[in-house]
Amino acid sequence: MPTISVDKAALFKALEKEYTTEEFDELCFEFGIELDEDTSQSKKPEDLAQPPQLKIEIPANRYDMLCFEGIAMNLRVFLEKEKLPKWTVTPPANGQPETIIVKEETSKIRPLISGVVLRGIEFTQERYDSFIALQDKLHQNLARQRTLVSIGTHDLDTIKGPYTYEALAPEQIEFVPLNQTQKMNGKQLMEFYEKDKHLGRYLHIIRDSPVYPVIYDANRTVLSLPPIINGDHSKITLNTKNVLIEITALDKTKVEIVNHILVAMFGGYAESIEAIHVDSPHNRESRDVPNLGPREMQAEVTYLNEVTGLNLSPPEISKLLEKMGYTVTPSSSDEKYLDVSVPITRADVLHQADVMEDYAIAYGFNNLPRVYPNKSAAVAAPLPINKLGDIVRFEAAAAGWNEVMPLILCSREENFDWLNRKDDGTTAITLANPKTVEYQIVRTSLLPGLLKTINSNRHHAVPIKVFESSDVSYVDLTQERKSRNERHFAAAFMGKTSGFEQIHGLLDRIMAMLKSAFITREEGLQNVKLDGYWIEEVEDPTFLKGHSAAIKLNIGGKNHTIGVFGILHPSVLRKFELS
Amino acid sequence: MSGGTRGAVPLHTKNTVAQDMLTHLFTKPTLNSAEDFPSVPQPEIKAALDRLASRSMVEYVTIDSEQATLTPEAEAIVQEGSHEFKVWSAVKQAGRIAIKDLPNFVGADSARVGSGNAFKNKWIKKDGDSLVLVAEEVKDVTRDRLREIQDTKTLSDAKLLNDYKKRKLVTFSKVISYTINKGPKYAIEMPVEVTDLTVEMIASGEWEKANFKGYNFAALGAPQNAGSLHPLNKVRTEFRTLFFNLGFTEMPTGHFVDSAFWNFEALYVPQQHPARDAQDTFFISYPPKSDKPRADPYTDNTLDDIEAGARRLYAANEKRKRVPRDYEAYWENIKAVHENGGDFGSIGYRYSWSEDEALRLVLRTHTTAVSTAVLHRLAEDPRPARYFSIDRVFRNETVDATHLAEFHQVEGVIADFGLTLGGLMRFLEDFFSKMGIDGLRFKPAYNPYTEPSMEIFGYHTGLGKWVEIGNSGMFRPEMLEPMGLPRDMRVYGFGLSLERPTMIKYGVSNIRELLGHKVDLGFIQSNPAVRLDKN
């Protein structure tokens with residue numbers, strides 16, 4: 001969730017009330033945002049150095065609250081201080097809208113463009129900073145680190161339309177990037193910014209493409225090289241009066257959302273909002289942007305009331321929904337419906353379920369009638385494998401062993417090499433992108449976890465007796481998800497002696513509790529219908545030669561090898577640093 | 001190991017001090033330890049008395065007193081006489097001693113201190129530069145008084161005693177002595193004691209006259225070498241019991257790996273959602289990709305078996321129709337609901353949905369992936385149902401005190417007709433009150449697959465503030481309707497981690513001390529049984 005820092009005094013002035021921290025926290029809670037911190041209560045030097053800030057956490061889908069303007073506006077509407085503004089485009093004075101001509105080559109790299117002109121804008125330092133910060137937040141969140149959408153802003157009075165959106169070879173593009181003095185071409189620019197902390201991480205989006213997207217004005221002045229950087233020539237300053245915003249994208253929906261948010265947040269500081277004509281016939285994206293009309297939808301009165309457990313009339317519902325920015329009128333065609341206008345700020349509204357939630361928020365979640373949902377009883381049942389697992393766990397603990405819970409992710413080495421087991425590369429599920437280096441695979445054995453647990457408990461008095469009953473996972477290409485979990489049980493003993501008979505005794509105890517009789521190997525092999533278990537010597541490199549046994553089980557007329565135990569090989573002990 | 005580390009006080013019958021006391025008491029009714037055992041150190045006397053008193057063989061009273069002890073200088077005076085006496089004796093013997101020669105006769109110390117006092121006492125006088133006798137006979141009072149102190153350890157003239165202390169002739173020390181009398185079970189000899197009741201003693205009847213060793217009731221008993229269950233699993237057991245009491249059926253969570261389809265797409269998480277970043281989700285490099293969703297007979301049979309009872313119980317007389325799942329249609333519905341909302345009352349996310357992205361394998365980031373498959377199955381025969389699971393989930397987190405790359409998710413799902421949001425709150429109030437958390441508050445929140453979504457806050461008295469204890473909501477129509485569930489069936493979902501309430505409840509501040517191989521075995525062994533309702 002993004003956290004937005006806003007000036008406390010300015011926000012309370014906008015809300016026309018001096019809130020205490022508790023009161024404001026309560027307001028945030030009711031509205032569904034979260035007051036993270038009020039820096040007036042902080043003693044950190046960096047907080048004391050600036051006017052008190054409120055750090056507010058915003059839900060990830062509320063792009064309309066990523067700056068001071070949006071938070072103030074939405075809370076004012078919620079508090080019924082004002083109705084949500086209606087934004088409209090004004091025709092340009094000369095009748096000729098600014099135009100962007102899109103060249104077909106852009107389809108190869110970044111096919112979409114949108115934009116808007118804010119005319120007669122009045123920047124202050126605060127507004128300017130907020131304008132820059134909002135673009136940054138949108139780039140981080142909705143735009144997925146500029147991959148999907150990126151924004152460029154320009155002083156309209158320094159450039160001349162019509163503009164062209166093109167895709168050219170890096171060497172062909174030459175300009176002075178923002179806040180630089182040297183002219184460079186696309187290729188040089190990549191090298192120049194490679195080490196740049198801020199911009200370096202965006203270079204990969206276009207670096208290896210044969211063509212880079214670029215926007216020129218009528219004089220071949222470069223406006224920007226999206227999604228990396230703008231040109232220095234057209235940069236906006238505090239004195240800029242007329243702003244041209246261009247937004248390039250891969251995603252058709254998100255490019256317009258970004259446009260809407262910028263207009264809704266900063267259009268209020270401008271004398272007029274002017275549309276831009278995008279000329280893009282090759283992909284049928286020729287249009288005038290932005291379209292600031294609200295989206296019309298319908299919501300069922302009974303649905304809204306049923307799910308919230310309320311029983312309010314359409315006018316009452318409409319009044320509540322206005323607090324959330326909607327314009328609502330009972331439907332002219334059918335009284336069971338409400339006509340709902342969804343403002344451009346509310347890209348998160350997809351379904352009448354979203355309207356219903358806002359209805360509940362406006363009414364107050366904590367004021368809703370709380371009626372127990374149990375109209376029909378249900379019958380409880382445990383998952384059989386968990387029930388069986390619990391029986392084994394309880395019996396192991398009752399026999400004097402201690403349950404441990406190591407992690408499921410581990411390294412290849414621990415899982416294979418350290419146990420003298422071969423890794424064929426196709427047994428274990430392999431992680432593609434772990435942040436922590438030792439998490440490479442999903443364990444296929446419980447043993448490494450037990451041994452690591454003993455290793456961290458070497459200070460503990462011996463004997464140490466530990467067990468775990470939990471899942472391991474294997475690659476299984478016959479499954480839909482190409483893998484299969486198995487519930488395993490494992491125990492380990494460390495003492496002054498090997499404890500072979502201790503482990504053997506635990507096995508006997510658990511088998512007895514699972515109603516499985518100990519039979520001789522001869523009996524078991526002779527008659528597979530005779531249920532029971534036995535152990536027989538087996539060679540297993542994890543264990544000391546001659547001191548490991550396979551556990552054999554006859555059940556349901558079949559013989560299975562269900563496990564192995566033995567004295568761990570000294571080389572295994574050395575790997576887990578237990579010797 | 002046998003026997004307690006702090007069992008009954010061991011009895012050594014050959015203890016001579018104890019035996020001496022018994023012997024003395026036979027002839028003398030009251031003993032004073034200072035008089036009768038002057039050479040036995042006090043701790044030994046005390047130990048012997050405790051042994052005997054614990055068996056009621058003696059009774060004793062402790063006497064605290066101060067006693068005066070002579071310093072080495074004073075002891076020398078008792079031996080040889082005071083300095084003034086030594087000077088007087090020397091003068092008497094010699095008849096006349098030159099003052100400068102006096103140290104040769106009595107030593108420097110006595111010469112310096114002694115002559116002054118001898119003048120004061122008018123025992124000697126100066127004659128020119130020599131000393132001559134005045135008194136023919138003298139009484140050495142100082143020596144007599146010091147001898148009295150040596151004998152009685154005190155002096156009746158308290159002022160003088162204090163004077164001696166100042167002159168560093170005596171020191172005072174605290175002395176503990178005891179007055180000892182016979183106890184009700186007094187005997188001249190230590191009786192033979194038995195430490196435990198044995199089968200042989202019962203058989204022989206010897207137990208009737210046996211003298212049992214006293215037990216030290218202040219000590220701990222013998223350690224039990226007990227086995228133990230992991231604290232986190234003990235909390236898990238409490239949650240499972242709670243779910244069973246509320247009529248929930250456990251879901252089959254036996255696969256750590258899921259496809260993006262089940263983990264994200266089916267939950268209406270769009271393909272560009274930040275949760276699907278490599279920063280948050282573990283993607284699988286091998287095996288390379290999932291199959292499209294299809295029937296899973298093993299899991300279906302498991303669920304059929306455990307639900308068979310409930311089905312019979314509620315079937316009554318109605319014949320219920322079961323429409324088999326159509327996985328191909330489900331796949332297409334999900335694609336449509338993402339791209340344009342399909343026929344499900346939504347405008348969709350309006351992007352181009354990639355099949356390859358949906359078939360990527362991930363380590364499940366939540367058990368809701370399993371709930372989704374179970375709800376899809378419910379669409380075969382939509383009926384009220386409650387499901388829960390508690391199992392491991394995975395997040396590609398940077399490990400720190402509050403984050404591990406894996407943890408346990410506790411999740412509950414309730415499907416029914418006509419559910420309301422307030423009903424979910426009421427249910428959660430009841431659920432959490434059984435964990436001893438009352439007075440919940442609900443905060444509107446965002447979650448891609450629930451609408452409305454609510455964060456659950458409980459007041460933590462220890463921390464003195466509201467803390468988030470879980471998440472909840474009603475699943476979105478875009479998630480439920482593509483499965484084929486009817487529009488009027490609504491589904492609650494709620495979840496929390498198993499680790500967080502355990503850490504809050506038991507004051508564990510570092511998650512690595514609770515889950516993983518670094519957990520201390522001592523912590524596992526000593527952690528009390530868990531009763532969430534009783535703290």
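The following dialogue examines how several terms apply to this predicted model.

Tutor: Residues are numbered from 1 along each chain as its sequence is written, and chains are lettered from A in the order in which they are written. In this predicted model, local features need pLDDT of at least 70, side-chain atom pairs count only at pLDDT 80 or more, and totals for chains, interfaces and linings use all residues, while side-chain values use heavy atoms, with hydrogens and water left out.

Student: How do you know that the end-to-end span of helix H10 of chain A agrees with its number of residues?

Tutor: Helices are DSSP runs of H or I with at least four residues, strands are runs of E with at least two, and both are numbered from the N terminus. The expected span of a helix is 1.5 Å times one less than its number of residues. Helix H10 (residues 352-363) of chain A has 12 residues and should therefore span 16 Å, and its end C-alpha atoms are 16 Å apart, which agrees. After H10(A) comes Gly364(A), with a positive phi near 105°.

Student: Why is H10(A) called mostly covered?

Tutor: Buried means under 20% relative accessible area, exposed over 50%, and partly exposed in between, with a 1.4 Å probe and protein chains only. In H10(A), 11 of the 12 residues are buried, including Asp354(A), Met356(A) and Tyr359(A).

Student: What makes strand S13 of chain A covered on both faces?

Tutor: In a regular strand the side chains alternate between the two faces of the sheet. In S13(A), Val243(A), Ile245(A), Ile247(A) and Ala249(A) on one side are buried, as are Leu244(A), Glu246(A) and Thr248(A) on the other.

Student: How do you know that strand S5 of chain A pairs with S13(A)?

Tutor: Two strands pair if DSSP finds at least two bridges between them. S5 (residues 112-119) and S13(A) have 7 bridges in the antiparallel sense, and Ile113(A) has Thr248(A) as its bridge partner. Strand S6 (residues 149-155) of chain A is also joined to S13(A), by 7 antiparallel bridges, with Ile151(A) partnered by Ile247(A).

Student: What makes up the lining of the largest cavity?

Tutor: A cavity is a set of points, on a 1 Å grid over the protein atoms alone, where a 1.4 Å probe fits but cannot get out, and lining residues have an atom within 4 Å of a point. The lining has 20 residues, with Ser469(A), Ser470(A), Arg487(A), Arg236(B) and Asp391(B) nearest the centre. These residues divide into 4 nonpolar, 7 polar and 9 charged, where Asp, Glu, Lys and Arg count as charged, Ala, Val, Leu, Ile, Met, Phe, Trp, Tyr, Cys and Pro as nonpolar, and the others, Gly among them, as polar.

Technical notes. On a 1 Å grid over the protein atoms alone, a cavity is a set of points where a 1.4 Å probe fits but cannot get out, and a pocket is an open set with protein on both sides within 12 Å along at least five of seven lines; lining residues have an atom within 4 Å of a point.
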